[in-house]
Amino acid sequence: MAKPLILSFDGQEISLRLTKVDREKLYGAVEIEALDENGDPLFLRVLAADGKTVIDKGGTALATLNEAGDSLDRNTLIPVNADGEPIEPVVSSFDIVNKPTLTDAEDYLSHNVKSVYILDAAIEEDLELLKGYLEGGDLYKFKFSFRAGPEYDEAFLLGNKNGIFMIVGSQANLPFIKLNEATVLEPIEEEEISAEEIDFDLL
């Protein structure tokens, strides 16, 4: 059984289960199948760089190489920041007690959404307690990492008549400018080309 997500509100801990909202379950999916003249299914193959070797499905893979061209184990890689300094990895949110704080819609709308989860609780009292904090449209957020990694995302909690949801996203880069700050583009001067300069042999 998967680890529960523990949230703490005013010292009261709530144990929650997460169910990811799948786009295919919401909107359905379309699968295109290619058939040959006999009605047999066709499969994608990869042509190697030599121009004659055909590689079957599963015959290619991504690898991380060092400067010498040797393969590296991803577990040996260390994330660094823009200055080349090592980044201290964060722990998984399932291994700690998370303490959401009250936020607003403006903060929520300034994030790019990565994933959406439906929240449920094994104990009905826990679910009712969480609903009480989210009633009236209140929004809460906390730092979230599904697995231990280089950085946290932001997780927002909201509820409506359809249930309680956790929306995970990252800060969006939204540069705003005023009207008098709008960039003025320099006009581009187009050179006229006479018919004699056109080489119709290239057409």
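Is Arg45 buried, partly exposed or exposed, and what is its relative accessibility? Arg45 counts as partly exposed, at 37% relative accessibility (buried is under 20% relative accessible area, exposed over 50%, partly exposed in between, with a 1.4 Å probe and protein chains only). This is a predicted model, where local features need pLDDT of at least 70 and side-chain atom pairs pLDDT 80 or more, while totals for chains, interfaces and linings use all residues. Residues are numbered from 1 along each chain as its sequence is written, and side-chain values use heavy atoms, leaving out hydrogens and water.

**View 1. Arg45 meets Asp56 in a salt bridge.** The closest N and O atoms sit 3.1 Å apart (a salt bridge puts a side-chain nitrogen of Lys or Arg within 4 Å of a carboxyl oxygen of Asp or Glu). Asp56 is partly exposed too, at 45%.

**View 2. Helix 3 has buried residues at Asp126, Leu127, Leu130, Tyr133 and Leu134.** They fall within an arc of 120° seen down the axis, so they line one face of the helix (the arc is taken from the directions from the helix axis to the C-beta atoms). Helices (H or I, at least four residues) and strands (E, at least two) are DSSP runs, numbered from the N terminus. After helix 3 comes Gly136, with a positive phi near 80°.

**View 3. Lys143 and Glu154 join up in a salt bridge, 2.5 Å from N to O.** Lys143 belongs to strand 10 and Glu154 to strand 11, 11 residues apart. Lys143 is partly exposed at 46%, whereas Glu154 is buried at 12%.
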